[in-house]
Amino acid sequence: ACNSALAERIANAQGPAQADFEDQRDLAAKKPAKFSVSLAGQEATESIELLPFFGRSSAFYSIQAPMPLGLKLTKIDSGSLMAAFVVDAVIDGGSAAAGGAVA
């Protein structure tokens, strides 16, 4: 009876602890990524912070492209992409339409 009670107590103690566990990579992914961006035509730089939207699977890429890019961005209001901005359309006259890509 004592062993059963002890086994039950250990099992109950492990259940919630596992549910509360967060991988260190997940914790790090909640912190903003900090970048220093060179301003075109200037010797100055600007610091920016970006929050990883998809946790540790998020990635950020730095590109240089002539302005205007010609991208219509839309903010998503619901679902798994809620609060994210996505490219809704490529607009004629921008560098994305002229070059076929933003790279």
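Author: Strand 4 gives the most to the lining of the largest pocket, namely three residues. The model is predicted, so local features need pLDDT of at least 70 and side-chain atom pairs count only at pLDDT 80 or more, while totals for chains, interfaces and linings use all residues. Residues are numbered from 1 along each chain as its sequence is written, and side-chain values use heavy atoms, without hydrogens and water.

Reader: What makes a residue part of the lining of the largest pocket, and which lie nearest its centre?

Author: A pocket is an open set of points on a 1 Å grid over the protein atoms alone, where a 1.4 Å probe fits, with protein on both sides within 12 Å along at least five of seven lines; lining residues have an atom within 4 Å of a point. The largest pocket has 15 such residues, and Leu-69, Leu-71, Leu-73, Phe-85 and Val-87 lie nearest its centre. Strand 3 (71–75) and strand 4 (85–90) are the elements that give two or more residues to this lining; strands are DSSP runs of E with at least two residues, numbered from the N terminus.

Reader: How many residues in the lining of the largest pocket are nonpolar, polar or charged?

Author: This lining divides into 14 nonpolar residues, one polar and no charged. Phe and Val, for instance, count as nonpolar, because that class holds Ala, Val, Leu, Ile, Met, Phe, Trp, Tyr, Cys and Pro; Asp, Glu, Lys and Arg are charged, and the others, Gly among them, polar.

Reader: Which strand gives the most to the lining of the second largest pocket?

Author: Strand 1 does, with four residues.
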